[in-house]
Amino acid sequence: MPRDAEATILNPDSLTHPPILSEGFVKPETLVQWFAHAENFFLQKDVPENRRIVRVALGLKPIKCQNWYFASKVDINQMDWVDFMGEVHKKLLEPGWAQKVRMAIEKVRQDHRTFQAFEDDILRRNAMLRGNGAFLNED
């Protein structure tokens, strides 16, 4: 796949196989979708917490992730899922991505849409920050 092509999620709706993130430019939205599909896979297959990473890590096809995983897989497989998410974000997303998303959240306005649509927009953007220090929690 050309380097400038956008990464996509392969077999996202499979309940029997983990999702695969293709090689290519990874957007925060795509990574959030990959993690959501992975979590759905865990629920469907009843994957225990300590086996989650090993079950899906090879589905991250970008070479940066493959190299990182094979160089440190013993340590990576012992990570907490949210910590793993944070590390994958660091490996695949462009520098400053979290600040851009956070700034976009701060600029969201309700305007003429319903409160529900306004809230959904904020929650969707904030989901991209899960596993990152920029994540907005309820505290």
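Predicted model: local features only at pLDDT ≥ 70, side-chain atom pairs only at ≥ 80, totals over all residues.
Figure 1. Beyond its neighbours within four places in sequence, Gln-66 makes contact with Ala-57, Leu-58, Leu-60 and Lys-61. Gln-66 is part of helix α3, which spans residues 63-77. The relative accessible area of Gln-66 is 14%. Because this value falls under the 20% cut-off, Gln-66 is classed as buried.

**Figure 2. The largest nonpolar core.** This core comprises 31 residues. Leu-21, Leu-31, Trp-34, Phe-35, Trp-81, Phe-84 and Val-88 are the members with the most contacts inside the core. At least two core residues come from each of the helices α1 (28-45), α2 (52-56), α3, α4 (81-92) and α5 (97-107). Helix α1 makes the greatest contribution to the core, namely six residues. In soluble globular proteins, nonpolar side chains tend to be buried together.

**Figure 3. Contacts of Phe-84.** Phe-84 is among the residues with the most contacts inside the largest nonpolar core. When residues up to four places away in sequence are left out, Phe-84 touches Phe-35, Ile-53, Ala-57, Leu-60, Trp-68, Ile-76 and Met-79.

**Figure 4. Packing of α1 with α4.** The axes of the two helices, α1 and α4, come within 11 Å and cross at roughly 150 degrees. Since an angle over 145 degrees counts as roughly antiparallel, α1 and α4 are therefore roughly antiparallel to each other. Their crossing, that of α1 and α4, is right-handed. On the α1 side, the contact involves Leu-31, Trp-34, Phe-35, Ala-38, Glu-39 and Phe-42; on the α4 side, the partners are Trp-81, Phe-84, Met-85, Val-88, His-89 and Leu-92. By residue class, the contact of α1 with α4 consists of ten nonpolar residues, one polar residue and one charged residue.

**Figure 5. Packing of α5 with α6.** Helix α6 covers residues 115-127. The axes of α5 and α6 are 9 Å apart, and the helices pack at an angle of about 170 degrees. This angle makes α5 roughly antiparallel to α6. Val-101, Ala-104 and Ile-105 of α5 meet Ile-122, Arg-125 and Asn-126 of α6. The residues in the contact of α5 with α6 divide into four nonpolar, one polar and one charged.

How values were computed: Residues numbered from 1 in each chain as written. Heavy atoms only, no water. Helix = DSSP H or I, 4+ residues; strand = E, 2+ residues; numbered from the N terminus. Buried < 20%, exposed > 50% of the residue type's maximum accessible area, 1.4 Å probe, protein only. Contact = heavy atoms within 4.5 Å. Core = buried A, V, L, I, M, F, W, Y, C linked by side-chain atoms within 4.5 Å. Axes fitted to C-alpha atoms, helices over the stretch in contact; angles between N-to-C directions. Parallel < 35°, antiparallel > 145°, perpendicular 65-115°, else oblique. Left-handed = near helix turned anticlockwise from the far one by under 90°. Nonpolar A, V, L, I, M, F, W, Y, C, P; charged D, E, K, R; others polar.
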